[in-house]
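Okay, everyone, thanks for coming. Let me put the structure up, and then I'll talk you through it.

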Amino acid sequence: MVHDNNKSGEFAGNFVQELQTPEGMLTPEFQAFYNSFAQRILWMDGNLCPGAFQMNTAWYKSVPERDPVFPEHEHPYAEIVGFFGSNPDDPNDLGAVIEFALNGEMHKITKSTMIYCPADSKHGPVRILSVDRPVFHFSVVMNAEYAEAKDVYK
């Protein structure tokens, strides 16, 4: 049996197709700021799907007014952060310039990139310096929620 639109069946809750951000994590001020340069696509965590780890996805569409976008922070779980260009003819070309620091070491990103941040490593600030084409951004943390670094979303 095929379950149309994943609304029924034993595993329907494992299919997240509508944006649901965690209540109380994102202040209205941060949401308005974020929406000025990005469009969040989907968010999954252990609260939406028991047993899942946390993942966030978004399109970065312009340079934000605030610099840096995210300050330096750390948390007790590993994270993978990704930035992917949207040119199907050259998927490695980011179409943007982003700076990302890991343990105080700043890196300039101009190609599609995934970054592994070990648990307890300091990462950020994150600076979006230019955007020529939308950038697909994601972050994955090996924890059921992105709780310990809520101060990042201020």
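Start with asparagine 103, which counts as exposed because its relative accessibility is 53%. For the cut-offs, buried is under 20% relative accessible area, exposed is over 50%, and partly exposed is in between, using a 1.4 Å probe and protein chains only. Before I go on, this is a predicted model, so local features need pLDDT of at least 70 and side-chain atom pairs count only at pLDDT 80 or more, while totals for chains, interfaces and linings use all residues. Residues are numbered from 1 along each chain as its sequence is written, and side-chain values use heavy atoms, with hydrogens and water left out.

Back to asparagine 103. You'll find it in the loop between β4 and β5. Strands here are DSSP runs of E, at least two residues, and helices are runs of H or I, at least four residues, numbered from the N terminus. What is the phi of asparagine 103? It's near 50 degrees, a positive value in a residue other than glycine. Most residues other than glycine have a negative phi. The turn belongs to a hairpin that β4 and β5 form, with two residues between the strands.

So what does that hairpin sit in? β4 and β5 run antiparallel, with six bridges joining them, and aspartate 93 stands opposite lysine 111 in β5. When I say two strands pair, I mean DSSP finds at least two bridges between them. On to β7: strand β4, residues 93–102, pairs with it in the antiparallel sense over six bridges, and there valine 97 stands opposite serine 130. Put together, that's an open, antiparallel sheet of three strands in the order β5-β4-β7. β5 (105–111) and β7 (123–131) are the edge strands, each pairing on one side only.

While we're at β7, look at proline 125, which is found in that strand. Most peptide bonds are trans. One more backbone item: aspartate 120, in the loop between β6 and β7, has a positive phi near 70 degrees.

Now the five-strand sheet. What is the strand order? It's β1-β2-β8-β3-β6, open, with antiparallel pairing. At the edges are β1 (38–44) and β6 (113–117), each pairing on one side only. Strand β2, residues 54–60, and strand β8, residues 135–141, pair over seven bridges; tryptophan 59 has phenylalanine 136 in β8 as its bridge partner.

Lying across β1, β2 and β8 is helix α1, residues 28–35, running at about 120 degrees to β1. Contact means heavy atoms within 4.5 Å. The axes are lines fitted to C-alpha atoms, for helices over the stretch in contact, and angles run from 0 to 180 degrees between N-to-C directions.

Last stop is isoleucine 80, in strand β3, residues 79–84. Its relative accessibility is 34%, so it counts as partly exposed.
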